[in-house]
Amino acid sequence: MVNKFSIKNLDMYYGDFQALINVNMEILDKEITALIGPSGCGKSTFLRTLNRMNDLIEGVRVEGEILLDGENIYKDIDVTKLRTRIGMVFQKPNPFPMSVYDNVAYGPRAHGIKKKAELDEIVEKSLRRAAIWDEVKDRIKKNALSLSGGQQQRICIARALAVDPEVLLMDEPTSALDPISTLKVEDLAEELKKDITIIIVTHNMQQAARISDKTAFFLNGELIEFDETDIIFSVPKDKRTEDYITGRFG
Amino acid sequence: MGKDMKLDRKNELKEKLAHYLFLFNATVAIISVAAIAFFVFYRGLQPFIPGNAEGTYSLIDFLTGLEWRPGEGKFGILYMIVGSLLATTGAIVLGVPIGILTAVFIAELAPKWIRTVIKPAVELLAGIPSVIYGLFGLGIIVPAIMQLSSQPQGQSLLAVILVLMIMILPTVITITESAIKAVPDSYREGSLGLGATKLYTVFRVVLPAAKSGILAGVVLGIGRAIGETMAVMLVAGNPIAGLPTSIFSPVRPLTTNIAMEMSYAFGLHQEMLFATGVVLFTFIIIINLILNRITRGSELK
Ligand SMILES: Nc1ncnc2c1ncn2[C@@H]1O[C@H](COP(=O)(O)OP(=O)(O)OP(=O)(O)O)[C@@H](O)[C@H]1O
Ligand SMILES: [Mg+2]
């Protein structure tokens, strides 16, 4: 296995407020890494640093190094290229107010693919990969906002997959979904793992335990513990990790 | 207990008073609109009713006539309707793209310091009295057009279009900007997260999502352009007859027809000016109905 991400001495500031403190982490290719920790500890911040989504916020400053396949994402890679390689799925499903087809074809079109046959193929393949093809194949021209929340979220996953990312960042992708939709997304993540690296933020301990290979526990902007998921959930080394996963925290 | 009840009753009274105060204020607006509409239509429709004391005029001749010679009893306004519509269309065609691009620039692209310069400038533009726009048009635009055109005068359809274009900018910019601001960030993040560029995001996601708001701005701009009087009167040329044949032709929009002659008109002539007002009013009502549809459509979504 190779290191997909290599994060070294990462500090991240919103203006004067330091949201991430000296984070060091090696993320392996084609694994699922779960990020856990109490609200406000910096999980989303960390995730959004990996695809430079935080660049959009005024006053954000990043120090340290984040390497993707050995390249510094803030120096060596163009930001649009980076975000093509690293897909993102958000907490609240955010399909565009357009048809299912146009949603999924959006990324490929943005990268210059115009041929209808080619787009058709990408759309179908992506919807199949996101395990939603059968549910929407008859309403592919319908507005994506008319679908259920769980379906919308899988459309968003299909939309991310359509540009063939190497990494998928998921920020609490199931927190707005019912248990059945949640299971579908979890199954999907495990299926996708064959091809891509997944980093997922979750407040659901069972979810982290079920699907992830590695788990990282954050607290107040610091990475407290990062290890095999089995170890984190059975014999954590840090007392704070143990308190958190057993629900004895704060 | 007794004190509490007293308080309750006092509050109730206050609520009721406030309620009636609001109702009264709202009524002022409604009554004004109704009164204006009634007055204009009442006076303006008289000449078309047989047996009118001041004399009658054919509605068809009025709406299709190409000459306005009150002295000879000719009251045709088709060429004015055409002038108004051409001027408005021209102003919209030129002004809307400029307005939308400016709004996009302010809302999405401009660095903060540029925004702090442009925004007050736009607000100021909105606050300039229309007669000042007219003076600007007369002093700058009209002479410039005189250089270009073969016509002896610079007052023309083109001059009207240019002045109106500037005048609708603040409306289009402000409303488009707030429509853009109302587009949820999650759409932008979704697009940027797929590796789309900022411009691609703006044109493919943000503007389409802001569509109904932008349309509302355009419709309000149309309303402003078609109803503008003072500035237009100074730069239009106001001929007494004839359809405009080129952008250098002088025109006589509906509004200026009323404003120029009302002060000395009487009898049938005066009523025909009111009739011109009826036509203008009808245009405004149509525009408002369209606007209502657009905004209602976006609320339902
Ligand atoms: N745009 C911002 N500007 C300033 N501070 C921010 C911003 N976004 C987040 N923060 C702060 O950074 C810290 C980490 O926030 P973050 O959203 O990463 O937490 P989180 O772990 O994802 O929490 P949750 O589980 O509630 O989603 C918090 O203290 C938060 O207040
Ligand atoms: Mg979060």
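This is a predicted model: local features need pLDDT of at least 70, side-chain atom pairs count only at pLDDT 80 or more; totals for chains, interfaces and linings use all residues.
**Entry 1: confidence**

The predictor gives the complex an ipTM of 0.92, alongside a pTM of 0.86. For chain B I noted a mean pLDDT of 92, and 97% of the residues in chain B reach 70 or more.

**Entry 2: around ligand 1**

Next I went to ligand 1 and asked myself which residues are the closest to it. The shell holds 13 residues, and Ser39(A), Lys43(A), Ser44(A), Thr45(A) and His203(A) are the closest. By class I count five nonpolar, six polar and two charged residues in this shell.

I then looked at which elements of chain A contribute. Strand 2 (17–28) and helix 1 (43–50) of chain A each supply at least two residues of the shell. Helix 1 of chain A gives the most, with three residues.

**Entry 3: polar atoms facing ligand 1**

A polar side-chain atom of Lys43(A), one of the closest residues, sits 2.7 Å from an oxygen atom of ligand 1. Cys41(A) approaches with its backbone instead: an N or O atom there is 3.3 Å from an oxygen atom of the ligand. How much of ligand 1 does the protein bury? Ligand 1 exposes 630 Å² when taken alone, and the protein buries 63% of that.

**Entry 4: the largest cavity**

My search of the whole structure turned up two cavities of 30 Å³ or more. The largest cavity holds about 40 Å³ of space. Its lining comes from chain B and includes Ser84(B), Ala87(B), Thr88(B), Val160(B), Leu164(B) and Glu228(B). Helix 3 (78–109), helix 6 (157–181) and helix 9 (211–227) of chain B are the elements that give two or more residues to this lining. Which helix gives the most? I found that to be helix 3 of chain B, with three residues. Sorted by class, the lining of the largest cavity has seven nonpolar, three polar and one charged residues.

**Entry 5: the second largest cavity**

My last stop was the second largest cavity, with a volume of about 30 Å³. Here I find residues of chains A and B in the lining. Chain A brings Met88(A), Phe90(A), Arg159(A) and Ala160(A), while Gly190(B), Gly193(B) and Leu194(B) come from chain B. I sorted this lining too, and got four nonpolar, two polar and one charged.

Methods:
Residues are numbered from 1 along each chain as its sequence is written. Chains are lettered from A and ligands numbered from 1 in the order in which they are written. Side-chain values use heavy atoms; hydrogens and water are left out. On a 1 Å grid over the protein atoms alone, a cavity is a set of points where a 1.4 Å probe fits but cannot get out, and a pocket is an open set with protein on both sides within 12 Å along at least five of seven lines; lining residues have an atom within 4 Å of a point. Grid points are joined across faces, edges and corners, and a volume is the space filled by probe spheres set on the points. Helices (H or I, at least four residues) and strands (E, at least two) are DSSP runs, numbered from the N terminus. Ala, Val, Leu, Ile, Met, Phe, Trp, Tyr, Cys and Pro count as nonpolar, Asp, Glu, Lys and Arg as charged, and the others, Gly among them, as polar. A residue is near a molecule or strand if one of its heavy atoms lies within 4 Å of it. A polar contact is a pair of N or O atoms within 3.5 Å; within protein, one must be able to donate a hydrogen and the other to accept it, and residues adjacent in sequence count only if both atoms are side-chain atoms. Accessible areas come from the Shrake-Rupley method with a 1.4 Å probe; for residues, only the protein chains shown count as cover. pLDDT is the predictor's confidence in each residue, from 0 to 100.
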